[in-house]
Structure formats: C-alpha cells, structure tokens
Amino acid sequence: MPTPARLHVAHALHEVFGEKGRVPDIWDRDLGEDAALAQALLGLCLRRWGRLQAWVKPKLKDPARGVPLGTQVALAMGLVQLAWLPGVSDHAAVNEAVELAATRDLGFVPHKGLVNAILRRAAKDRAGLAAELEALPATLDRPPAAERALRAALVPHGAVADLEVLWARLQQPPRPSFRVLAGEPPEGLVPDPQLPDCLRLAEGLPFPRPWLEAGHGMVQDRSSQALLSYRWDRPVTRILDACAAPGGKTTTLARRHPGAQLTALEVHPRRVARLRQTLQQRGIEAQVVQADAAEWLERSEGAFDLILLDAPCSGSGTIQKHPEWPWLVHDDLPRLTGLQRRLLTAAAERLAPGGLIIYAVCSWLPEEGIAHRDWLAEARPDLRPTAVWPAALGAPAEVEGELTACFRPHPLRWEGEGFQAFALTR
Ligand SMILES: C[S@@+](CC[C@H](N)C(=O)[O-])C[C@H]1O[C@@H](n2cnc3c(N)ncnc32)[C@H](O)[C@@H]1O
C-alpha cells in the first residue's frame, strides 16, 4: 500500500481531474509530519500537470489514445518526486507509484508495468528529468481559464506584458499570513511592514500548527487583512456579515467593533455549522442565521451601519493558494455575477444613512468586481464611493488623499490573493 500521504494526494488529484472538484480545505488533515511532503507533492503535480502529461505522451505505445486517469496520476506523482523532491529516494518514488497504479480505485492495474518501466528509466537521471520537464513550455500548465484570469489581473494596471512574470509568481506556494487571537505570537512570526496586525512566517520556520490548534491565532490571507484595515470612524452599532462562513472576517469585524451587534449570514448548512463552531471557539458573539442573504435582507427589517458583502465568486484571484483552479470548469460565471448583483441590491437597501458597505471578491475578473460598482453608480445614485483603504494598498485611479475607495492591488507589487473590493456610503 502507498503511504497515507501519497494516497491523500492521489485522491485529491482524482477529485480535480476526474470530478472537476476543488481540493477540500482539510484534505491533508491527520497526515501529521507527512503533511509537508503531501502538500509539496500535490502542489507540484497540479502546477506542472500539463508539462508532466506532455512529457509522458511520446513515451506511450499509442500517444493519441493516452492513458486512463489512474495511470496519469501514478506517473505524475512518481515523476514529480524524482524531478523536484530530492529528499525522496528513487526506490520510494518509483515503488510507491507502481503500488498506486496497482490500487484498484486510484490506479489502473494493467498499467503497473508501464508505470514501472517509465519511472525506472526516469530515475536513472533525475536532474536530466527535471531539466527536460522545465524546458517544456510553461503555457502547457496554463489552461484558458487561467490565461483569462491573469489578463484580467494585469489589464487594469497596464501590465499585460508581465503575464509570464505573474504566472511564474503564482506557481510558487504562497507564504501564509496570520493574525493573533490571544496572547503573544510564537517565535518566527514577524509583523508585516505594511499591515501592522498581519504576521508572516519567517523563512524556513515550521508552520505554527500547535499555536493555531490551541486557538491563539488564525490564518488569514494578507489581502483579507488589508480589506479589513478600512478606516472608518463613524459609529457602528449594527453590523451585517452577509456571506460569513468560515468566519475569518466575522472574527476580525467583531474584534474591530467590540460592542456592536453582529449578524452573520450563510446559506450552506455545512458551512453554517463550521461558522458557528469557529465563532464559538473564538468566543465571538454573533447572531448566526442560515439563509440566502438576499432573501433574508428582503424579508427582515432594520438598517445596518456596516455591511460586509464578501460575495461568492469564481475565486480567480486564489490561483496561488488553489493550484487546481486552472484545471476546473468555470462555466457558472453568469450565475455568480447574477447572484452578486442580487446580493448587492438587497444589501444596499438595508444600509443605514451614513453607513458603510464593503463589497469584496477574491477574483480578478472585472465582471465580478468593478463592473458591479459601475452598474450601481447608475442604479443607486444615492450610494457614493467612499475612500477607506490606505492608498498604497489600492488602485491609483481612485486615490483620494491618502485613502482609496477601491481595493484592487497590483498583482505583481502585492503579495496576497487577487482581490477587488469597493466601499460605498449613503
Ligand atoms: C467568499 S466566501 C466568505 C468567506 C468569509 N467571509 C470569511 O472571510 O471567512 C462566500 C460565502 O458565501 C456563501 N454564500 C453563497 N451564496 C450565498 C447566499 N446567497 N447567501 C449567503 N451566503 C452565501 C458561501 O457558501 C461562502 O461561504
């Protein structure tokens, strides 16, 4: 049997390439010390999938026909370990891949010999294998959806010529960011020079799992932290977090506005359960409601001084964290943009005079972000852009003094997820 780490990776690859599903957030739970190997292996398989398949193809008896997914997965995992994971021995890389090929639900048993032959040959010159794979065009790893997302990220900054630079950057595993919930941070977490509450892991130090598991800190992407660094000094007594699970931003909102009444909405029952659990563990008081936010807003009463609409979106800005994103099917953009508009319309109705609404998506696609702001400007002239983010984090076009009404960081100058956010008041 292959090790649990390799089985987890194989399952995740089948989910992505077989089911066109995302890698679940907790896919590596319970792997303990092997989690690092599993993460590196999965990340490289996903980030190099196109090149790996292209390298294998001419070595097949019938290249046009290809091989089943089980064989592709076993070969990709073996090749990645031989080419880029020098800590894994030839024996482990080859034998575990062969065993994987021989696993009924994850491999393709008749191709056990083929996997063995290809990997044994490749193991004879691991550096040569890496060089051959890297010499293949990077575009093989970049399906059209990724190409489109990258262009959307660069166009507003007049930087389309830097597409390859951005792609190379997104191919590196992201450096995580944290926030303290209680007490002092552990050694090795250093303050971010641009965001005072944001902590970064110093180079080469272990991931602070025990600290997180003890509930003393949380992971929160740098862009989310910047989003929540809005400057707003008007009184805030009622807050709505309209799309709240898993609750990272709800936590930050509660801590930024202690004493305010906080309502957190989430439509999916399983995510509601996770949201409740997160808030309970962190001692955050909020009214959690399972509902479609638009429907709930339409049928309930009262106005909010602060509404955060961290809307469901394509997630095109999360390619670095989710290297499976380029390989998934992204045919639900019309549904998402319709939902985003419906949520925005309903939220705008319930904004108190003088209140603040923040709309955000972790996407670079203009139709999910800035286009909604332009549409709202016509549909709801009573809503005015309001500058709340430090200008250095946002788009130069909207700079008003030191602050900006639009947070759309430059993808090459900003380390963090791709985001579009705008702030409005009425
Ligand atoms: C971008 S995520 C929110 C992340 C969250 N704000 C955080 O920082 O932890 C969007 C969330 O909206 C939820 N959602 C999708 N459609 C919704 C709807 N119609 N009403 C309320 N929530 C919705 C999704 O299930 C998802 O949990």
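Predicted model: local features only at pLDDT ≥ 70, side-chain atom pairs only at ≥ 80, totals over all residues.
Residues are numbered from 1 along each chain as its sequence is written, and side-chain values use heavy atoms, with hydrogens and water left out.

**Domains**

- The chain is assigned domain 1 (4–141), domain 2 (177–219) and domain 3 (222–425), with bounds that come from an automatic or database domain assignment.
- Taken over C-alpha atoms, the centres of domain 2 and domain 3 are 24 Å apart.
- Across that interface, twelve residues of domain 2 touch 13 residues of domain 3, where contact means heavy atoms within 4.5 Å.

**Helix packing**

- Helices (H or I, at least four residues) and strands (E, at least two) are DSSP runs, numbered from the N terminus.
- The axes of H4 (residues 69–84) and H5 (residues 90–101) come within 8 Å and cross at roughly 175°; axes are lines fitted to C-alpha atoms, for helices over the stretch in contact, and angles run from 0 to 180 degrees between N-to-C directions.
- That makes H4 and H5 roughly antiparallel to each other (angles under 35 degrees count as roughly parallel, over 145 as roughly antiparallel, 65 to 115 as roughly perpendicular and the rest as oblique).
- On the H4 side, the contact uses Val73, Ala74, Met77, Gly78, Gln81 and Leu82, which meet Asp90, Ala93, Val94, Ala97, Leu100 and Ala101 in H5.
- Sorted by type, the residues of the H4 and H5 contact come out as nine nonpolar, two polar and one charged; Ala, Val, Leu, Ile, Met, Phe, Trp, Tyr, Cys and Pro count as nonpolar, Asp, Glu, Lys and Arg as charged, and the others, Gly among them, as polar.
- H3 (residues 49–56) packs on H4 at an angle of about 105°, with the axes 10 Å apart, so H3 and H4 are roughly perpendicular to each other.
- The H3 residues meeting H4 include Trp49, Trp55 and Val56, and their H4 counterparts include Leu69, Val73 and Trp84.

**The sheet**

- Four strands make an open, antiparallel sheet in the order S2-S3-S1-S4, where two strands pair if DSSP finds at least two bridges between them.
- S2 (189–191) and S4 (217–219) sit at the edges with a single partner strand each, so one side of each has no neighbour in the sheet.
- Direction ignored, neighbouring strands of this sheet are turned by 40° against each other on average.
- Two bridges join S1 (residues 177–180) to S3 (residues 199–201), and phenylalanine 178 stands opposite leucine 199 in S3.

- Most residues other than glycine have a negative phi, and most peptide bonds are trans.
- Lysine 20, not a glycine, has a positive phi of about 60°.
- The peptide bond from alanine 245 to proline 246 is cis, with omega near 5°.
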